[in-house]
Amino acid sequence: PGARRAEGKMAAPVSEVSPVLEPGAAPYGNFPNYSRFHPPEGRVSLLPGGLLRSLFPAAARPLLGLDVGCNSGELSVALYRHLLGLQESEGSLDQPAAGKDLNLLCCDIDPVLIERAQQCSPFPASISFANLDIMDSSAREPFLSSYLGRFGRSTFDIGFCMSVTMWIHLNHGDNGLMEFLSFLSSLCKYLLIEPQPWKCYRAAARRLRKLGRNDFDHFRSLAINGDMAERITQILTKDCAMELVCCFGSTSWDRSLLLFKSNGSNYEGRESSEQEQ
């Protein structure tokens, strides 16, 4: 992939995504006005105040966060404000020390959405938006390693995957979903996931058919199906050495917010090697 650089922003690998004029034809979930349909408040209101302090009472700051599939950034910014206890009116000029507590890297496959996020971000010093296909290992490995290396780290403290798993699953199949979850679990100490329920898979496939588009390559062959929150929990706890810490409830559009913690040797080994350096 080529490189894309905006003024004062990080360069990032670029994936070619065709412009989407009809929202139903967004095959990667890259809806242009997503936050109008599922407002950020519907998620952040479920998360307790002081969550970062309770999860990382003694950790060195800044904490590092990774938001995969950030769309145009509205939810990323809302999560950032909520986690740091910032009011809606407060921007980076009002909170010069905010970046000392949390740096958030947000990525999405759609370069148009990322450009919009970069232009609208109220925290350009501590929230970075990057165009990245997270399933392209040749692109993600050097890019994420470079970002983490700026902080002398090899892992993120917390990852966010909000209504993204279905799109990974539909476009990359069962093996792709498992590889994606395995990768995130090895890279993040905590992982907050909002899986789409199975009815959303059927709705996404139906939208494509109504538009006369080809069906998702893997939809009819997916063996991982049914209760997707339960299936993803099984994968993370049985195959990825994570434990379910908490379910924060469900949004009004019937999606659970699940928090997992790594208890595996992969993450802990990387942490130990950092501390020894």
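User: What makes a residue of this chain count as buried?

Analyst: A residue is called buried if its relative accessible area is under 20%, exposed if over 50%, and partly exposed in between, with a 1.4 Å probe and protein chains only. By that cut-off, buried residues make up 53% of the 277 residues in the chain. The model is predicted, and local features need pLDDT of at least 70, side-chain atom pairs count only at pLDDT 80 or more, while totals for chains, interfaces and linings use all residues. Residues are numbered from 1 along each chain as its sequence is written, and side-chain values use heavy atoms, with hydrogens and water left out.

User: Why are β3 and β4 called paired strands?

Analyst: Strands are DSSP runs of E with at least two residues, helices are runs of H or I with at least four, and both are numbered from the N terminus. Two strands pair if DSSP finds at least two bridges between them; β3 (residues 63-68) and β4 (residues 102-108) have six, in the parallel sense, and therefore pair. D67 stands opposite C106 in β4.

User: What makes β5 and β8 the edge strands?

Analyst: The open sheet has seven strands with mixed pairing, in the order β5-β4-β3-β6-β7-β9-β8. Strands β5 (127-131) and β8 (242-250) each pair on one side only, so they are its edges.

User: How do you know that helix α5 packs on the sheet?

Analyst: Contact means heavy atoms within 4.5 Å, and helix α5 (residues 111-120) touches β4 and β5 of the sheet.

Terms used: Axes are lines fitted to C-alpha atoms, for helices over the stretch in contact, and angles run from 0 to 180 degrees between N-to-C directions.
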